[in-house]
Amino acid sequence: MLFDAHTHLNEERYTDEERAELAREIEQSPVDYILDAGSCFSDTEQAVKDAERYPWCYASAGLHPEEVGGMTEEKMQYLKELALHDKVRAVGEIGLDYYYDDGVPREEQRKWFRRQIQLANELKMPIMIHSRDADLDTLTILKEEGAFSEERKSWFPRRPVDKTRWPYIKGILHLGDEAGAAADDDEAIMLPDARVLMHCFSYSAETALEYVRLGGTISICGPVTFKSNKKTRRVVENIPIDFLTVETDAPYLAPEPMRGRPNKSPYVEYTCRKVAEIKGITYEEAAAVTKQNAMRFYGIIGC
Ligand SMILES: [Zn+2]
(Lines give C-alpha, C1' and ligand atoms only; values in the text may rest on other atoms or scores of the structure.)
Protein backbone atom coordinates (compact mmCIF):
# COMPACT_ATOMS: atom_id res chain seq x y z
CA MET A 1 0.00 0.00 0.00
CA LEU A 2 2.88 2.43 0.75
CA PHE A 3 6.35 3.09 -0.63
CA ASP A 4 8.87 4.76 1.68
CA ALA A 5 10.83 6.50 -1.07
CA HIS A 6 13.87 7.37 1.08
CA THR A 7 14.93 5.75 4.34
CA HIS A 8 18.05 4.43 6.04
CA LEU A 9 17.55 0.83 7.12
CA ASN A 10 21.31 0.73 6.50
CA GLU A 11 21.94 3.21 9.36
CA GLU A 12 25.20 2.23 11.04
CA ARG A 13 23.88 2.80 14.55
CA TYR A 14 21.67 -0.31 14.26
CA THR A 15 22.91 -3.68 15.41
CA ASP A 16 22.07 -6.63 13.12
CA GLU A 17 19.28 -7.62 15.53
CA GLU A 18 17.80 -4.12 15.51
CA ARG A 19 17.90 -4.03 11.73
CA ALA A 20 16.21 -7.43 11.50
CA GLU A 21 13.53 -6.25 13.96
CA LEU A 22 12.90 -3.09 11.87
CA ALA A 23 12.59 -5.31 8.79
CA ARG A 24 10.01 -7.46 10.58
CA GLU A 25 8.03 -4.35 11.51
CA ILE A 26 8.06 -3.23 7.88
CA GLU A 27 6.83 -6.67 6.77
CA GLN A 28 3.92 -6.43 9.21
CA SER A 29 3.01 -2.86 8.19
CA PRO A 30 1.24 -1.43 5.11
CA VAL A 31 4.68 -0.52 3.69
CA ASP A 32 5.21 -2.60 0.52
CA TYR A 33 8.59 -1.17 -0.56
CA ILE A 34 11.42 0.97 0.75
CA LEU A 35 14.37 2.68 -0.90
CA ASP A 36 17.33 2.22 1.41
CA ALA A 37 19.39 5.32 0.65
CA GLY A 38 23.17 5.28 0.65
CA SER A 39 24.96 8.31 2.03
CA CYS A 40 28.55 7.04 2.41
CA PHE A 41 30.41 3.89 1.32
CA SER A 42 29.64 1.75 4.38
CA ASP A 43 25.93 2.78 4.26
CA THR A 44 25.73 1.98 0.58
CA GLU A 45 27.35 -1.42 1.14
CA GLN A 46 24.82 -2.14 3.90
CA ALA A 47 21.95 -0.93 1.67
CA VAL A 48 23.05 -3.39 -1.02
CA LYS A 49 23.09 -6.19 1.59
CA ASP A 50 19.60 -5.20 2.79
CA ALA A 51 18.35 -5.17 -0.80
CA GLU A 52 19.83 -8.63 -1.44
CA ARG A 53 18.16 -9.96 1.69
CA TYR A 54 14.68 -8.42 1.41
CA PRO A 55 12.60 -8.55 -1.79
CA TRP A 56 10.77 -5.31 -0.83
CA CYS A 57 14.01 -3.38 -0.37
CA TYR A 58 15.82 -1.43 -3.10
CA ALA A 59 18.98 0.61 -2.66
CA SER A 60 20.72 3.74 -3.88
CA ALA A 61 24.46 4.37 -4.08
CA GLY A 62 25.93 7.77 -3.38
CA LEU A 63 27.85 10.11 -1.16
CA HIS A 64 25.97 12.72 0.85
CA PRO A 65 27.55 16.22 0.59
CA GLU A 66 28.82 15.92 4.17
CA GLU A 67 30.57 12.65 3.24
CA VAL A 68 32.59 13.76 0.21
CA GLY A 69 35.66 14.93 2.17
CA GLY A 70 38.58 12.74 1.01
CA MET A 71 36.79 11.61 -2.13
CA THR A 72 39.04 10.50 -5.03
CA GLU A 73 38.62 9.27 -8.59
CA GLU A 74 39.53 5.72 -7.47
CA LYS A 75 36.71 5.86 -4.96
CA MET A 76 34.40 7.08 -7.75
CA GLN A 77 35.25 3.87 -9.56
CA TYR A 78 34.17 1.84 -6.54
CA LEU A 79 30.95 3.87 -6.30
CA LYS A 80 30.28 2.96 -9.92
CA GLU A 81 30.70 -0.74 -9.11
CA LEU A 82 28.20 -0.43 -6.26
CA ALA A 83 25.76 1.50 -8.47
CA LEU A 84 25.84 -1.30 -11.05
CA HIS A 85 24.27 -3.78 -8.62
CA ASP A 86 20.92 -4.98 -9.94
CA LYS A 87 18.93 -3.69 -6.94
CA VAL A 88 20.61 -0.27 -6.83
CA ARG A 89 18.09 1.96 -8.56
CA ALA A 90 19.43 5.50 -8.12
CA VAL A 91 22.60 7.49 -7.57
CA GLY A 92 22.03 9.26 -4.26
CA GLU A 93 21.74 10.82 -1.89
CA ILE A 94 23.98 13.38 -3.54
CA GLY A 95 23.81 17.15 -3.49
CA LEU A 96 24.75 20.21 -1.46
CA ASP A 97 24.36 21.09 2.21
CA TYR A 98 25.32 24.62 3.23
CA TYR A 99 23.72 24.40 6.68
CA TYR A 100 26.98 23.93 8.60
CA ASP A 101 29.68 26.57 8.33
CA ASP A 102 32.36 24.10 9.43
CA GLY A 103 31.30 21.24 7.15
CA VAL A 104 32.93 20.01 3.95
CA PRO A 105 34.04 23.12 1.96
CA ARG A 106 31.38 24.15 -0.54
CA GLU A 107 33.78 24.03 -3.46
CA GLU A 108 34.51 20.38 -2.68
CA GLN A 109 30.81 19.58 -2.26
CA ARG A 110 30.09 21.08 -5.67
CA LYS A 111 32.92 19.17 -7.34
CA TRP A 112 31.74 15.73 -6.16
CA PHE A 113 28.10 16.58 -6.68
CA ARG A 114 28.95 17.22 -10.34
CA ARG A 115 30.97 14.01 -10.61
CA GLN A 116 28.15 11.94 -9.14
CA ILE A 117 25.59 13.47 -11.54
CA GLN A 118 28.01 12.58 -14.33
CA LEU A 119 28.10 9.01 -13.01
CA ALA A 120 24.29 8.83 -13.01
CA ASN A 121 24.27 10.11 -16.59
CA GLU A 122 26.93 7.62 -17.64
CA LEU A 123 24.88 4.76 -16.16
CA LYS A 124 21.54 6.31 -17.25
CA MET A 125 20.25 6.06 -13.69
CA PRO A 126 17.78 8.07 -11.60
CA ILE A 127 19.27 10.75 -9.34
CA MET A 128 18.25 11.33 -5.70
CA ILE A 129 19.10 14.77 -4.35
CA HIS A 130 19.83 16.04 -0.84
CA SER A 131 19.78 19.85 -0.80
CA ARG A 132 19.74 22.12 2.25
CA ASP A 133 20.24 25.90 2.25
CA ALA A 134 21.64 25.58 -1.26
CA ASP A 135 18.66 25.90 -3.59
CA LEU A 136 20.26 28.10 -6.24
CA ASP A 137 23.55 26.18 -6.55
CA THR A 138 21.72 22.84 -6.60
CA LEU A 139 19.48 23.86 -9.48
CA THR A 140 22.33 25.51 -11.41
CA ILE A 141 24.59 22.46 -11.15
CA LEU A 142 21.80 20.03 -12.05
CA LYS A 143 21.05 22.07 -15.17
CA GLU A 144 24.70 22.49 -16.13
CA GLU A 145 25.33 18.75 -15.80
CA GLY A 146 22.39 17.88 -18.02
CA ALA A 147 20.15 16.38 -15.34
CA PHE A 148 17.11 17.86 -17.08
CA SER A 149 18.39 17.61 -20.65
CA GLU A 150 16.23 16.30 -23.47
CA GLU A 151 18.77 13.52 -23.98
CA ARG A 152 18.45 12.37 -20.37
CA LYS A 153 14.65 12.46 -20.54
CA SER A 154 14.82 10.26 -23.65
CA TRP A 155 16.36 7.42 -21.58
CA PHE A 156 13.32 6.99 -19.35
CA PRO A 157 9.67 6.11 -19.98
CA ARG A 158 7.38 9.13 -19.81
CA ARG A 159 5.40 9.93 -16.70
CA PRO A 160 1.65 9.27 -16.92
CA VAL A 161 -0.56 11.96 -15.39
CA ASP A 162 -4.23 11.31 -14.85
CA LYS A 163 -6.28 12.72 -17.73
CA THR A 164 -8.81 14.29 -15.38
CA ARG A 165 -5.99 16.33 -13.79
CA TRP A 166 -4.40 17.36 -17.10
CA PRO A 167 -6.19 20.74 -17.52
CA TYR A 168 -5.13 21.73 -14.01
CA ILE A 169 -1.58 20.42 -14.45
CA LYS A 170 -1.22 22.19 -17.79
CA GLY A 171 -2.19 25.45 -16.15
CA ILE A 172 -0.06 25.20 -13.06
CA LEU A 173 3.03 24.10 -14.99
CA HIS A 174 2.47 26.61 -17.83
CA LEU A 175 2.49 23.79 -20.38
CA GLY A 176 0.90 23.76 -23.79
CA ASP A 177 -1.10 20.82 -25.13
CA GLU A 178 1.93 19.75 -27.17
CA ALA A 179 3.84 19.00 -23.92
CA GLY A 180 1.84 15.87 -23.23
CA ALA A 181 1.18 12.93 -25.50
CA ALA A 182 -1.86 10.72 -24.98
CA ALA A 183 -1.09 7.25 -23.68
CA ASP A 184 -2.17 4.24 -25.74
CA ASP A 185 -4.94 3.40 -23.32
CA ASP A 186 -6.07 7.05 -23.42
CA GLU A 187 -6.40 7.10 -19.63
CA ALA A 188 -3.31 9.23 -19.15
CA ILE A 189 -1.26 12.05 -20.62
CA MET A 190 2.45 11.26 -20.82
CA LEU A 191 5.03 13.87 -19.80
CA PRO A 192 8.83 13.71 -20.07
CA ASP A 193 10.50 12.48 -16.87
CA ALA A 194 14.10 13.39 -15.99
CA ARG A 195 14.12 10.94 -13.04
CA VAL A 196 15.48 13.49 -10.58
CA LEU A 197 14.00 13.17 -7.08
CA MET A 198 14.27 16.03 -4.59
CA HIS A 199 14.41 14.10 -1.33
CA CYS A 200 12.91 15.64 1.86
CA PHE A 201 11.95 18.77 -0.04
CA SER A 202 12.37 21.83 2.20
CA TYR A 203 12.20 24.74 -0.26
CA SER A 204 9.26 26.87 -1.42
CA ALA A 205 6.29 25.88 -3.55
CA GLU A 206 7.70 28.12 -6.32
CA THR A 207 10.97 26.18 -6.32
CA ALA A 208 9.06 22.88 -6.31
CA LEU A 209 7.09 24.03 -9.35
CA GLU A 210 10.31 24.90 -11.12
CA TYR A 211 11.66 21.37 -10.57
CA VAL A 212 8.42 19.80 -11.71
CA ARG A 213 8.39 21.92 -14.89
CA LEU A 214 11.89 20.63 -15.61
CA GLY A 215 10.76 17.01 -15.24
CA GLY A 216 11.66 16.43 -11.57
CA THR A 217 9.86 14.65 -8.72
CA ILE A 218 9.27 16.07 -5.22
CA SER A 219 9.52 13.81 -2.16
CA ILE A 220 7.60 14.78 0.96
CA CYS A 221 8.97 13.95 4.39
CA GLY A 222 7.73 13.98 8.03
CA PRO A 223 8.07 17.73 8.68
CA VAL A 224 4.96 18.33 6.51
CA THR A 225 3.02 17.10 9.58
CA PHE A 226 4.54 19.74 11.88
CA LYS A 227 2.06 22.44 12.77
CA SER A 228 4.48 25.29 12.09
CA ASN A 229 5.47 24.02 8.65
CA LYS A 230 3.23 26.01 6.32
CA LYS A 231 5.93 26.07 3.66
CA THR A 232 5.88 22.33 2.91
CA ARG A 233 2.09 22.21 3.14
CA ARG A 234 2.04 24.86 0.38
CA VAL A 235 4.32 22.61 -1.68
CA VAL A 236 1.83 19.74 -1.37
CA GLU A 237 -1.08 22.07 -2.18
CA ASN A 238 0.60 23.34 -5.32
CA ILE A 239 2.26 20.25 -6.78
CA PRO A 240 -0.01 17.75 -8.53
CA ILE A 241 0.14 14.34 -6.83
CA ASP A 242 1.45 12.79 -10.07
CA PHE A 243 4.82 14.39 -9.16
CA LEU A 244 4.97 13.46 -5.45
CA THR A 245 6.43 10.63 -3.41
CA VAL A 246 6.39 10.19 0.38
CA GLU A 247 9.30 9.15 2.58
CA THR A 248 10.52 8.96 6.18
CA ASP A 249 14.28 9.65 5.96
CA ALA A 250 14.30 7.35 9.04
CA PRO A 251 15.79 7.32 11.62
CA TYR A 252 15.53 11.12 11.36
CA LEU A 253 12.57 13.51 11.23
CA ALA A 254 9.72 11.41 12.67
CA PRO A 255 6.31 12.82 11.70
CA GLU A 256 3.60 13.86 14.14
CA PRO A 257 2.38 12.15 16.33
CA MET A 258 5.73 10.32 16.65
CA ARG A 259 7.83 13.49 16.56
CA GLY A 260 10.92 13.25 18.77
CA ARG A 261 11.13 9.45 18.60
CA PRO A 262 13.46 7.52 16.31
CA ASN A 263 11.71 7.41 12.97
CA LYS A 264 11.00 4.17 11.05
CA SER A 265 9.49 3.28 7.70
CA PRO A 266 5.97 2.35 8.92
CA TYR A 267 5.59 5.98 10.08
CA VAL A 268 5.47 7.04 6.42
CA GLU A 269 1.74 6.40 6.84
CA TYR A 270 1.40 9.65 8.88
CA THR A 271 3.08 11.66 6.16
CA CYS A 272 0.89 10.05 3.50
CA ARG A 273 -2.26 10.77 5.54
CA LYS A 274 -1.23 14.43 5.79
CA VAL A 275 -0.66 14.60 2.02
CA ALA A 276 -4.15 13.11 1.48
CA GLU A 277 -5.70 15.64 3.90
CA ILE A 278 -4.00 18.62 2.19
CA LYS A 279 -5.01 17.36 -1.24
CA GLY A 280 -8.57 16.55 -0.17
CA ILE A 281 -8.34 12.96 -1.40
CA THR A 282 -8.60 9.65 0.45
CA TYR A 283 -5.59 8.18 2.20
CA GLU A 284 -5.99 5.10 0.00
CA GLU A 285 -5.71 7.18 -3.18
CA ALA A 286 -2.69 9.13 -1.88
CA ALA A 287 -1.00 5.86 -0.89
CA ALA A 288 -1.71 4.21 -4.25
CA VAL A 289 -0.55 7.14 -6.39
CA THR A 290 2.62 7.90 -4.41
CA LYS A 291 3.50 4.20 -4.41
CA GLN A 292 3.07 4.00 -8.19
CA ASN A 293 5.16 7.15 -8.60
CA ALA A 294 8.02 5.70 -6.53
CA MET A 295 7.81 2.31 -8.29
CA ARG A 296 8.09 4.03 -11.64
CA PHE A 297 10.87 6.35 -10.46
CA TYR A 298 13.01 3.44 -9.26
CA GLY A 299 12.24 1.32 -12.31
CA ILE A 300 10.29 -1.35 -10.43
CA ILE A 301 7.46 -1.05 -12.98
CA GLY A 302 7.08 0.41 -16.42
CA CYS A 303 10.56 -0.12 -17.81
ZN1 LIG B 1 18.49 10.56 3.93
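Colleague: Where does Pro257 lie?
Modeller: Pro257 sits in the loop that runs between β11 (244-246) and α10. Helices (H or I, at least four residues) and strands (E, at least two) are DSSP runs, numbered from the N terminus. This is a predicted model, in which local features need pLDDT of at least 70 and side-chain atom pairs count only at pLDDT 80 or more, while totals for chains, interfaces and linings use all residues. Residue numbers start from 1 along each chain as its sequence is written.

Colleague: Is the peptide bond from Glu256 to Pro257 cis or trans?
Modeller: Cis, with omega near 5°. The bond from Gly92 to Glu93 is also cis, with omega near 0°, and Glu93 is part of strand β4 (residues 88-97).

Colleague: What about phi of Lys124?
Modeller: Phi of Lys124 is near 55°, a positive value in a residue other than glycine. Lys124 is in the loop between α4 (106-123) and β5 (127-132). Most residues other than glycine have a negative phi, and most peptide bonds are trans.

Colleague: OK, sheets. In what order do the 8 strands of the open sheet come?
Modeller: The order is β1-β2-β3-β4-β5-β9-β10-β11, with parallel pairing. Two strands pair if DSSP finds at least two bridges between them. The edges are β1 (2-7) and β11, each of which pairs on one side only. From one strand to the next, the twist averages 25°.

Colleague: How many bridges join β4 to β5?
Modeller: There are 5, and the two strands run parallel. Val91, for one, has Ile127 as its bridge partner in β5.

Colleague: Which strands does α10 lie across?
Modeller: β1, β2, β10 (217-220) and β11, and α10 runs at about 145° to β11. Angles run from 0 to 180 degrees between N-to-C directions, and axes are lines fitted to C-alpha atoms, for helices over the stretch in contact. Helix α2 (residues 41-53) lies across β2 (31-36), β3 (57-61) and β4, at about 155° to β3.

Colleague: At what angle do α9 and α10 pack?
Modeller: Helix α9 (residues 230-238) and helix α10 (residues 268-279) pack at about 65°, with their axes 9 Å apart. Arg233, Val236 and Glu237 of α9 meet Val275, Ile278 and Lys279 of α10; contact means that C-beta atoms, placed from the backbone, lie within 7 Å. Those residues divide into 3 nonpolar, no polar and 3 charged. Here Ala, Val, Leu, Ile, Met, Phe, Trp, Tyr, Cys and Pro count as nonpolar, Asp, Glu, Lys and Arg as charged, and the others, Gly among them, as polar.

Colleague: And what angle for α8 and α9?
Modeller: Helix α8 (residues 205-214) packs on α9 at about 40°, with the axes 8 Å apart. That makes α8 oblique to α9; under 35 degrees counts as roughly parallel, over 145 as roughly antiparallel, 65 to 115 as roughly perpendicular and the rest as oblique. Ala205, Ala208 and Leu209 of α8 touch Arg234, Val235 and Asn238 of α9.

Colleague: Into which domains is the chain divided?
Modeller: Domain 1 (2-156 + 193-297) and domain 2 (158-191), with bounds that come from an automatic or database domain assignment. Their C-alpha centres lie 25 Å apart. The contact takes 6 residues from domain 1 and 11 residues from domain 2.

Colleague: What is the strand order in the open sheet of 3 strands?
Modeller: β6-β8-β7, with antiparallel pairing. The edge strands are β6 (159-162) and β7 (181-182). β7 is joined to β8 (residues 188-191) by 2 bridges, and Ala181 has Met190 as its partner in β8.

Definitions and conventions:
Two residues are in contact if their C-beta atoms, placed from the backbone, lie within 7 Å.
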